[in-house]
Amino acid sequence: MKARNFRYVRPKSLAHALQILTDAGDDAVPIAGGQSLLAGLNMRLSAPALLVDIDNLGELAGQSRDGDCIRLGALTRHDELIRSDLVREHLPLLAMAAPHIGHVAIRNRGTLGGSLAYADPAAELPACAVALRATLVLRNLQGERHVPAEAFFKGLFETDLRSGELIVAAKFPVAQRGTATGFAELSRRRGDFALVGLAAVATMERQRIGAARLVYFGCGDRPQVAKSVSAAVSGLDAPLPDTSSFAAAVRQDLTPTDTPGLRADTRLHMATALTRRVLNTMSERAAA
Ligand SMILES: Cc1cc2nc3c(=O)[nH]c(=O)nc-3n(C[C@H](O)[C@H](O)[C@H](O)COP(=O)(O)OP(=O)(O)OC[C@H]3O[C@@H](n4cnc5c(N)ncnc54)[C@H](O)[C@@H]3O)c2cc1C
């Protein structure tokens, strides 16, 4: 199918983009990498009258260190997360997750801000943002507000973004010494959206798992912070021989539903297996 007709504008500055978005209200949507939006337009899932192209706005680009935070501009491409020395050193979870997003062409165009705004429950970056306790920097004509990632995701493809507002950046606390991160997902084919995925952050003392923050994706309507699983694995020594110590907690924290081709029970089984795999890999890396 082809998209319905729309008008297209390429503002020269962030202020101009915000003005256009505010004036047009619900008739306008921003477009960044276009890797999700254009597919939706072609399938006629939405039909905005105006596309506001933010893809060349310098104010939304760049990566920098700002005290104890790394600030990633909304236009940071998925591929930059893999290649950036700053990201690899201080936010290794993002560098681990990004190669799982689609394919090279998608990673070259798709942006961090676009992925967070789109809020696909099976997407990698929203889960990583929640796991890393990122703060999203949102701006409209009135000013800027800062929203923790965990509060930003409200439901299925639903966020805290208001009309006329853009994500300008995400701020991630730099990884502390002694903190390990791990990431894995299961999908039908490499590059497909995850059936189940896990972004994990934990303190590790030798082989012992300390305070853990485990965030699952593909298991609900948004990234799921698994508090019971985190408590169940805390204090355990890795490698974990089996899943008996936390399998019940997975069932407590995650409540997936049956979807075509995948029963909820199978998804829970996959999440349980993935948890052991990720934690054991984290402990192996910490030991090395
Ligand atoms: C074949 C294929 C496979 C894919 N596989 C995966 C995958 O495995 N995992 C995954 O996570 N993603 C996947 N994607 C999607 C990809 O990651 C997108 O790049 C991403 O979801 C959106 O980023 P974008 O810059 O392309 O956003 P766009 O498509 O330009 O925009 C997406 C939405 O976000 C809004 N938006 C964009 N930027 C901003 C901003 N700064 N502030 C406010 N709103 C904004 C737009 O209005 C739109 O509603 C896939 C896409 C394709 C086509």
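# A guided reading of the predicted model

Visitor: Which strands does helix 8 lie across, and at about what angle does helix 8 run to strand 13?

Guide: In this predicted model, helix 8 covers residues 124-131. It lies across strand 11, strand 12, strand 13 (208-217) and strand 14. Its direction relative to strand 13 is about 145°.

Visitor: Which other helix packs on the sheet, and what angle does its direction make with that of strand 12?

Guide: The sheet is also touched by helix 12, residues 264-287. The contacts of helix 12 are with strand 11, strand 12 and strand 13. Its direction and that of strand 12 make an angle of about 35°.

Visitor: What is the order of the strands in the open sheet of four strands, and which are the edge strands?

Guide: The pairing in this open sheet is antiparallel, and the order is 11-12-13-14. A strand that pairs on one side only stands at the edge, and the edge strands here are strand 11 (179-186) and strand 14 (224-225).

Visitor: How many bridges join strand 11 to strand 12, and which residue does Leu186 stand opposite?

Guide: Strand 11 and strand 12 (residues 196-205) run antiparallel and are joined by eight bridges. Within strand 12, the residue opposite Leu186 is Val196.

Visitor: Which residue takes a positive phi in the hairpin of strand 4 and strand 5?

Guide: Strand 4 (residues 63-66) and strand 5 (residues 69-73) run antiparallel, joined by four bridges, and Arg65 stands opposite Ile70. Two residues lie between the strands of this hairpin, and the positive phi, near 65°, belongs to Gly67.

Visitor: Which residue is the bridge partner of Gly73 in strand 10?

Guide: Strand 5 is also joined to strand 10 by five bridges, and the two run antiparallel. In strand 10, Gly73 has as its bridge partner Ala169.

Visitor: How much of the accessible area of the ligand does the protein cover?

Guide: The ligand is surrounded by 30 residues, the closest being Pro30, Gly34, Leu37, Thr111 and Glu124. An oxygen atom of the ligand lies 2.8 Å from a backbone N or O atom of Ala32, and a nitrogen atom of the ligand is 2.9 Å from a polar backbone atom of Ile167. Of the 970 Å² of accessible area that the ligand has on its own, the protein covers 86%.

Visitor: Which element gives the most to the shell around the ligand?

Guide: By class, this shell has 15 nonpolar, 13 polar and two charged residues. Strand 2, helix 7 (112-118) and strand 10 (166-173) are the elements that give two or more residues. With five residues, the one that gives the most is helix 7.

Visitor: Which peptide bond is cis?

Guide: Most peptide bonds are trans. Pro239 is placed in the loop between helix 10 (227-233) and helix 11 (247-253). With omega near 5°, the cis bond is that from Ala238 to Pro239.

Key. Residues numbered from 1 in each chain as written. Predicted model: local features only at pLDDT ≥ 70, side-chain atom pairs only at ≥ 80, totals over all residues. Heavy atoms only, no water. Near = heavy atom within 4 Å. Polar contact = N/O pair within 3.5 Å; in protein donor to acceptor, adjacent residues only side chain to side chain. Areas by Shrake-Rupley, 256 points an atom, 1.4 Å probe, with all protein chains shown as cover. Nonpolar A, V, L, I, M, F, W, Y, C, P; charged D, E, K, R; others polar. Pairing = 2+ DSSP bridges. Contact = heavy atoms within 4.5 Å. Axes fitted to C-alpha atoms, helices over the stretch in contact; angles between N-to-C directions.
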